[in-house]
Amino acid sequence: MMKHSLKTTLIVSLVLSLFSSCSKNSLSGKTQLSFLPEKEIQSMSADQYKDFLQKHVVLSPAKDVNAAMVQRVSLKITKAVEKYFKDKNKASVLNGFEWEYNTVRDSAINAWCMPGGKIVVYTGILPVTMNENALAVVIGHEVSHALLQHGNRRMSESMIQQLGGVALSVALSKKPAETQDMFLQAYGIGSTVGFMLPFSRKQELEADRYGLIWAAMAGYDPNEALAFWGRMQNASKGEKPPEFLSTHPSDATRIAKIKTYLPEALTYTARD
Ligand SMILES: [Zn+2]
């Protein structure tokens, strides 16, 4: 009897906590389950970002042309995002965002943006992006995942499955290693944890759609997304499949969908 009522109480409190943590994403306008407070996620993100950079060779934009390119493109993309929200009187969406962009020397084909705007581009992806337009598409895509809180959702789901939905601060103090692993998996920073969670097809397309808009606003040609995804598919035929594809699964549907998103993105093309 005791056991039953305890179980009921737990279920009720879980449902309540889920219900109360449903919020509207300010970019998509969709109601979403974001179990973890974005502020806490951003604070964890800042620590994980610092930790990641300490363990990698970070290239200086002053000395390395690729790092300079990543900095240049990231700056333009993030300015475009800021303008988009400012024009919509929604600048507060970016509260807690402190953009950082770094290039690390790492042969893995990967790039990501942690919550709060912490971007990393691996040198391994540059032979696939090949040019600034495609790099803008990739960075735009990654920034969109952060804005749409896709990783938060993945992290929340892992926490519910593995730790029964405790608060992030509690999880971090009681099970720091497990919590950090979940974070790294949720955000695609995977080489240390062995496997990474793929974003859903819906999340991928949503990030594509907005990423193309940022690229166009930043003065880049979003059409390059088609060629970029073609090259990424070819890279997957090599010996070591790109890490990028394990978190951002792709197929012919993506390229077909991107074609349908391009006309909208092109209406945002920077004109000066
Ligand atoms: Zn993605």
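Modeller: Start with the largest nonpolar core, which has 61 residues. Within this core, Ile77, Ala136 and Trp214 touch the most other members. Helix α5 (residues 132-147) is the biggest contributor, giving nine residues. A nonpolar core here is a set of buried Ala, Val, Leu, Ile, Met, Phe, Trp, Tyr and Cys residues joined through C-beta atoms within 7 Å. Buried means that 20 or more other C-beta atoms lie within 10 Å of the residue's own; exposed means 12 or fewer, and partly exposed is in between, with C-beta atoms placed from the backbone. Helices (H or I, at least four residues) and strands (E, at least two) are DSSP runs, numbered from the N terminus. In soluble globular proteins, nonpolar side chains tend to be buried together.

Two ground rules. Residue numbers start from 1 along each chain as its sequence is written. This is a predicted model: local features need pLDDT of at least 70, side-chain atom pairs count only at pLDDT 80 or more, and totals for chains, interfaces and linings use all residues.

Now Ala136. Beyond its neighbours within four places in sequence, Ala136 is in contact with Val73, Ile77, Ala215, Ala218 and Tyr220. Contact means that two C-beta atoms, placed from the backbone, lie within 7 Å.

Val81 sits in helix α3 (residues 65-87). Val81 counts as buried because it has 25 C-beta neighbours inside 10 Å. Its contacts, again leaving aside neighbours within four places in sequence, are Val143 and Trp214. Val81 and Leu147 are 66 residues apart in sequence, yet their C-alpha atoms are 9.5 Å apart.

Next, the sheet. It is open, has four strands and runs in the order β3-β4-β6-β5, with mixed pairing. β3 and β5 are the edge strands, each pairing on one side only. Strands pair if DSSP finds at least two bridges between them.

Strand β4 (residues 100-104) has four of its five residues buried, so it is largely enclosed by the rest of the structure. Strand β3 (residues 58-59) runs antiparallel to β4, and two bridges join them. Val58 is bridged to Val104 of β4. Leu59 is bridged to Thr103 of β4.

β6 is mostly covered: five of its five residues are buried. Lys118, Val120 and Tyr122 point one way, while Ile119 and Val121 point the other. In a regular strand the side chains alternate between the two faces of the sheet. β5 and β6 run antiparallel, joined by four bridges. Cys113 has Ile119 of β6 as its bridge partner. Three residues lie between the strands of this hairpin, and Gly116 takes a positive phi near 85°.

Helix α2 (residues 38-54) packs against part of this sheet. Its 17 residues should span 24 Å at 1.5 Å a residue, and its end C-alpha atoms are 24 Å apart, which agrees. The expected span is 1.5 Å times one less than the number of residues. In α2, the buried residues are Ile41, Gln42, Met44, Ser45 and Tyr49. These residues cover an arc of only 165° around the axis, which puts them on the same side of α2. That arc is taken from the directions from the helix axis to the C-beta atoms. An α-helix has 3.6 residues a turn, so residues three or four places apart point the same way. The buried residues of α2 pack against β4, β5 (111-114), β6, α6 (150-163), α7 (168-174) and α8 (176-186). On the face turned away from that buried side, α2 carries the exposed residues Asp47, Lys50 and Gln54.

Of its 272 residues, 40% count as buried. Among contacts with a separation of 6 or more, 69% are between residues 24 or more positions apart.

Last, confidence. pLDDT is the predictor's confidence in each residue, from 0 to 100. The chain mean is 87, and 86% of residues reach 70 or more. Over residues 12-20, pLDDT stays under 50, and the model has four contacts beyond four places in sequence for them. Where pLDDT is low, the predicted coordinates should not be read in detail.
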